[in-house]
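Let's take a walk through a structure together, step by step.

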Amino acid sequence: MTTAPLPRRDDPRMHTVEMAAVSGDLEDHEILTSVRPGPSTRETALLVAAGGALGATLRYLLELAAPTIATPTLVDIPWSTWTANVLGCLLMGVIAGYLESGGRAPAWARPFLATGLCGGFTTMSTLVLQVSAMIGADFPLIALEYGLGSAVLALLALVVGLLAGRILGKRS
Amino acid sequence: MAAILGLLAVAVGGAAGSTARWGLAHLWAVRGPRREGLSVPWATFAANILACFALGVIVTWFGASAGGAGRTAYLLLATGFCGGLSTLSTLALEVVALVRGGGTVIALGYILLSAGSGMVALWLGLVLAA
């Protein structure tokens with residue numbers, strides 16, 4: 001598979017919220033808020049809150065549907081958390097890929113779906129708790145398998161989502 | 001009825017946690033230091049670490065509750081708030097963005113730092129709350 005060369009620093013595709021976050025470059029933030037007037041700060045907060053409420057609730061419903069059974073001698077992989085994390089990263093990738101490749105979306109989409117829904121649906125704190133509990137229960141190998149597996153699958157899902165999103169974005 | 005209360009607790013907590021996470025990112029983008037080049041996304045890092053610490057505390061206080069107010073508190077604060085405050089999707093996106101921007105070493109450092117600090121923060125929360 002051939003990969004495209006990395007976009008140059010001044011490529012508009014680099015001017016995403018994520019790049020602004022990792023580059024610490026005020027220019028990106030200014031670009032995002034001036035070129036594309038979107039929801040106000042208050043509106044954005046409300047959108048994030050709504051998305052977060054939905055994401056957390058969905059994650060909880062998954063947990064109810066597939067509860068993790070843990071006993072002193074048998075440790076189960078928390079499939080509900082795993083699923084929520086991987087699916088959340090997949091969706092995040094799709095949204096990011098779609099938007100960065102020019103896909104048209106309403107202004108509320110990113111704060112509600114990405115920051116809110118995906119952010120609330122996925123969880124790092126629960127993952128860390130579960131890994132720590134496995135280590136504490138003397139299952140270090142399962143802890144490593146689950147922790148590393150979550151990280152790798154999450155990244156993989158994100159990249160797959162990015163690729164899919166870019167295809168969708170270019171079509172739109 | 002209890003089921004609805006539980007769902008409500010998670011939703012409210014999730015809303016609050018996610019908003020707090022966004023608030024940190026917003027503050028960092030607007031008020032944080034300007035730097036050339038790539039760096040660790042400190043806002044997401046802070047949100048994740050705070051969530052791990054808070055979860056340690058909440059698990060100690062309410063983790064063993066089987067029902068009633070304790071269980072509702074756990075759903076509100078742990079499942080909801082900490083689940084909303086922490087995020088794996090944003091972290092993954094940032095890692096990929098770093099790698100695409102040429103900062104693979106920073107990306108790796110970010111992952112390891114998040115994982116390690118998260119576990120330390122959780123442990124601190126567990127210990128301090130006891």
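The paragraphs below go from the meeting of two chains to a pair of annotated residues.

Before we start, keep in mind that this is a predicted model. Begin where chain B and chain A come together. On one side, 56 residues of chain B take part, and they are in contact with 52 residues of chain A. Putting the two chains together buries an area of about 4,100 Å². Carbon and sulfur atoms give 72% of that buried area.

What else links the chains? Between chain B and chain A there are 11 residue pairs in polar contact, counting pairs with both residues at pLDDT 80 or more. Which parts of chain B supply the side that touches chain A? Helix 1 (2-31), helix 2 (42-62), helix 3 (68-85), helix 4 (89-100) and helix 5 (104-129) of chain B each bring at least two residues to that side. The most comes from helix 1 of chain B, which gives 13 residues.

Next, turn to two residues that come from a database record. An unreviewed UniProt entry lists B:Gly83 and B:Ser86 under "binding site". Find B:Gly83 in helix 3 of chain B. Is B:Gly83 buried or exposed? With a relative accessible area of 0%, B:Gly83 counts as buried, because buried means under 20%. Leaving out residues up to four places away in sequence, B:Gly83 touches several residues of chain A, including A:Arg59, A:Gly119, A:Gly120 and A:Thr122, and it also touches B:Ala78.

From there, move on to B:Ser86, which sits in the loop between helix 3 and helix 4 of chain B. B:Ser86 is buried too, and its relative accessible area is 0%. Which residues does B:Ser86 contact, leaving aside its neighbours within four places in sequence? From chain A they are A:Gly119, A:Thr122, A:Thr123, A:Met124 and A:Ser125, and from chain B they are B:Arg21, B:Asn48 and B:Ala51. Take a closer look at one of these partners: the side chain of B:Ser86 makes a polar contact with the side chain of A:Thr123, at 3.2 Å.

Conventions
Residues are numbered from 1 along each chain as its sequence is written. Chains are lettered from A and ligands numbered from 1 in the order in which they are written. This is a predicted model: local features need pLDDT of at least 70, side-chain atom pairs count only at pLDDT 80 or more; totals for chains, interfaces and linings use all residues. Side-chain values use heavy atoms; hydrogens and water are left out. Contact means heavy atoms within 4.5 Å. Buried area is the accessible area (1.4 Å probe) that two parts lose on being put together, summed over both. A polar contact is a pair of N or O atoms within 3.5 Å; within protein, one must be able to donate a hydrogen and the other to accept it, and residues adjacent in sequence count only if both atoms are side-chain atoms. Helices (H or I, at least four residues) and strands (E, at least two) are DSSP runs, numbered from the N terminus. UniProt positions are given in the numbering used here, feature names are shortened, and annotations may be inferred rather than shown by experiment. Buried means under 20% relative accessible area, exposed over 50%, partly exposed in between (1.4 Å probe, protein chains only).
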